[in-house]
Amino acid sequence: GVLELSKGCCVLQLLELNGNKVTDTSISQLPVGCSQLTNIDLSWTRVTDGCVANLIQKCTLLSAIHLFNTRIGDQALAALSAHETPFKTLVLNNTQVNDNAIANVLRKHTELETIELEGTKVSDTTIMNLARCPSLEVVRVSDVGCVGDRAVVMMAECCPNLRIVDLSWTKVTDVAVTTLAEKCSKLEVLQIHHTEVTKHCVSTLREKLPELLVIN
């Protein structure tokens, strides 16, 4: 298992453990034998906040981490904020992340390309802070009910490289969606299930931008 990996995979860069019954003990050994790790997926595991923090601190080359539905908290986020290698991908869906917890991470990792915050406790404040990350290509914030137009417009104006945006189950209206379409010329997929976007706006977008996949 993971313990065996940790003993002799010194060139391993990508490790997907999502859904596996890994333990803190096995994960704590990874930095010893897998010092070249750049991307790890611990989604749907029961590793603790402290264990994830330790992993981030010791795997100095990490640039992508997937923590969907994990118990991460202040320790892991503090480790992310202090990590010297720029993170390109952060998947934090269905965690207890909030505005205060993620603020320092976004200040440090302005080279982010993908961030997923679905079902978290963030608000417009965090979405506006994404404007610090002009290289963003993928943003998923579905089921974050308090996100509205003002924050999304600010993000759109500062992140021209956006390709995939999921705003489902938020409070966005035609204003946010139209701005995204106007400011982000590389936009490929826009998900807006259960929002306040009108059918007229969706029809107009599909007419003007047939290459844009609008999922409503």
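Which backbone oxygen does the side chain of T95 reach at 2.7 Å? The first legend answers this. The model is predicted, so local features need pLDDT of at least 70 and side-chain atom pairs count only at pLDDT 80 or more, while totals for chains, interfaces and linings use all residues. Residues are numbered from 1 along each chain as its sequence is written, and side-chain values use heavy atoms, with hydrogens and water left out.

**View 1. T95 lies in the loop between strand 4 and helix 6.** Its side chain reaches the backbone oxygen of L92 at 2.7 Å. This is a polar contact (a pair of N or O atoms within 3.5 Å; within protein, one must be able to donate a hydrogen and the other to accept it, and residues adjacent in sequence count only if both atoms are side-chain atoms). T95 has a relative accessible area of 3% and is therefore buried. Buried means under 20% relative accessible area, exposed means over 50%, and partly exposed is in between (1.4 Å probe, protein chains only). Leaving aside residues up to four places away in sequence, T95 touches L67, N69, T70, I72, G119 and T120. A contact here means heavy atoms within 4.5 Å.

View 2. Strand 8 (residues 189-191) and strand 9 run parallel and are joined by 3 bridges. V189 has L213 in strand 9 as its bridge partner. Two strands pair if DSSP finds at least two bridges between them. Strands (E, at least two residues) and helices (H or I, at least four) are DSSP runs, numbered from the N terminus.

**View 3. L162 and L180 touch the most other members of the largest nonpolar core, which has 68 residues.** Such a core is a set of buried Ala, Val, Leu, Ile, Met, Phe, Trp, Tyr and Cys residues joined through side-chain atoms within 4.5 Å. Among the elements giving two or more residues to this core are helix 8 (149-158) and helix 9 (174-183). Helix 4 gives the most, with 5 residues. The contacts of L162, not counting residues up to four places away in sequence, include V138, M155, L180 and L187.

**View 4. E84 and K108 form a salt bridge, with their closest N and O atoms 3.6 Å apart.** E84 is in the loop between helix 5 and strand 4 (89-91), and K108 is in helix 6, 24 residues apart. E84 counts as exposed because its relative accessibility is 65%, whereas K108 is partly exposed at 32%. A salt bridge is a side-chain nitrogen of Lys or Arg within 4 Å of a carboxyl oxygen of Asp or Glu. The whole structure holds 5 salt bridges.

**View 5. E137 and R163 form a salt bridge, with their closest N and O atoms 3.1 Å apart.** E137 is in the loop between helix 7 and strand 6, and R163 is in the loop between helix 8 and strand 7 (164-166). E137 is partly exposed at 26%, and R163 is partly exposed at 24%. Salt bridges that share partners join E137, R163 and E188 into one network.
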